Amino acid sequence: MQTGVMPQQTSDPIEAYSLVEMDGAAILVVDGTSADTAVMAAAAVLGSRLRAYRQPVTIATNPTAGQGVFFDRTTRTVNADSAAHGPLHVDGYMMYGQAYPDVIFLLCSEQAPNGGANFIVDGLRLLTTLASDPAQRELLRFLCQYPLEQSSPTGVQVSGPIVDRTAGGRMAIRCHQHQRFPENKPIDAPHKGLLDGWRAVTSAAAAEAPRFRLRPGELLCLDNYRVFHGREAYTGTDRLLHRIWSWTDTAFGTPDPRTADGRADDITVVPW
Ligand SMILES: [Fe+2]
């Protein structure tokens with residue numbers, strides 16, 4: 001089964017939501033490339049489901065090559081490492097722990113001259129593939145039941161299985177480079193082998209997933225509980241995107257706006 005996703009395009013926000021429900025991803029073509037455009041388009045896609053969103057964050061490029069990635073809180077800018085291949089991941093687990101955003105948006109403002117292609121892996125299809133293979137029973141059991149550390153060492157602590165469920169029963173599948181065994185628990189070889197197996201399966205899926213380059217005015221919409229995403233390295237320093245993290249009525253929860261990121265204005269709670 002093909003687990004990579006090539007997101008379908010539309011200029012209708014309601015259709016974009018339908019596509020996200022069907023495929024886990026969509027591209028909404030919008031009229032503009034500003035952060036405000038991204039906020040308005042995200043709200044139009046989610047409609048009355050929207051409960052909260054984080055103020056836009058700019059994804060730019062670290063002008064100093066080789067310095068890696070860093071977040072500038074003053075300008076709300078992620079300075080990406082253009083030389084690095086961005087590994088497959090879900091967003092927001094470091095900052096929000098279990099209450100990580102369930103729908104995320106990336107509006108392309110400027111694309112790189114070369115490279116910078118995105119790729120998406122459908123976690124749900126990946127699980128279905130594993131479930132259909134009798135040889136993968138132990139891996140599937142591990143994914144659904146074994147509690148792992150699910151944040152970065154400096155992030156909001158959270159432990160849980162890779163395949164989790166909200167109180168309302170929505171499945172949430174996590175994939176990121178920080179998934180690891182709890183420090184207070186001895187690691188046995190079979191379980192280590194299963195985590196290595198999950199990494200191998202997701203790496204292979206990432207390698208096979210189709211690549212696509214967002215163009216200015218294209219808003220990538222992702223079900224962050226279902227699909228994993230990454231991007232290729234790129235050239236130049238002009239690549240620019242606006243990112244919106246959002247929480248709907250079926251997310252694990254919404255972040256407390258008084259404490260999230262230490263900024264009272266970082267999270268906007270939508271009255272409903
Ligand atoms: Fe991301």
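Reply: A residue is called buried here when its relative accessible area is under 20%, exposed when that value is over 50%, and partly exposed in between. By that rule, buried residues make up 51% of the 272 residues in the protein chain. The model is a predicted one.

The chain as a whole gives the setting. Its secondary structure comes to six helices and 17 strands. The C-alpha atoms fill a box of roughly 50 × 45 × 35 Å along the principal axes. The radius of gyration is 18 Å, which agrees with the value near 19 Å that a compact globule of 272 residues would have. Of the contacts between residues at least 6 apart in sequence, 75% join residues at least 24 apart.

Three residues supply the protein donors of the iron ion: His-89 through NE2, Asp-91 through OD and His-229 through NE2. These donors lie 2.1 to 2.2 Å from the iron ion. Written as a pattern, the spacing of the donor residues is H-x1-D-x137-H. The two histidines tie distant parts of the chain together, since His-89 belongs to strand β7 (residues 86-89) and His-229 to strand β15 (residues 227-231), 140 residues apart. Their accessibility can be set out residue by residue. His-89 has 23% relative accessibility and therefore counts as partly exposed. His-229 has a relative accessible area of 6%, so this residue is buried.

Strand β7 gives the most to the lining of the largest pocket, with four residues. By class, this lining has 17 nonpolar, 14 polar and eight charged residues.

Fourteen residues line it, and the closest to its centre are Leu-88, Cys-175, Arg-199, Thr-202 and Ser-203. Here β7 and α6 (189-208) each supply at least two lining residues. Helix α6 accounts for the largest share, six residues. The lining of the second largest pocket divides into seven nonpolar residues, six polar and one charged.

A search of the whole structure finds one cavity of 30 Å³ or more, and about 40 Å³ of space lies in the largest cavity. Val-39, Ala-42, Ala-43, Leu-46, Leu-50, Tyr-53, Ile-244 and Ser-246 form its lining. The elements with two or more residues there are α2 (35-46), β3 (50-54) and β16 (240-248). Helix α2 gives the most, with four residues. The lining of the largest cavity has seven nonpolar residues, one polar and no charged ones.

Definitions and conventions. Residues are numbered from 1 along each chain as its sequence is written. This is a predicted model: local features need pLDDT of at least 70, side-chain atom pairs count only at pLDDT 80 or more; totals for chains, interfaces and linings use all residues. Side-chain values use heavy atoms; hydrogens and water are left out. On a 1 Å grid over the protein atoms alone, a cavity is a set of points where a 1.4 Å probe fits but cannot get out, and a pocket is an open set with protein on both sides within 12 Å along at least five of seven lines; lining residues have an atom within 4 Å of a point. Grid points are joined across faces, edges and corners, and a volume is the space filled by probe spheres set on the points. Ala, Val, Leu, Ile, Met, Phe, Trp, Tyr, Cys and Pro count as nonpolar, Asp, Glu, Lys and Arg as charged, and the others, Gly among them, as polar. Donors are N, O and S atoms within 2.8 Å of the metal (3.2 Å for Na, K and Ca); water is not among the atoms, so sites may look incomplete. Buried means under 20% relative accessible area, exposed over 50%, partly exposed in between (1.4 Å probe, protein chains only). The radius of gyration is taken over C-alpha atoms; the globule rule is 2.2 Å times the number of residues to the power 0.38. Contact means heavy atoms within 4.5 Å.
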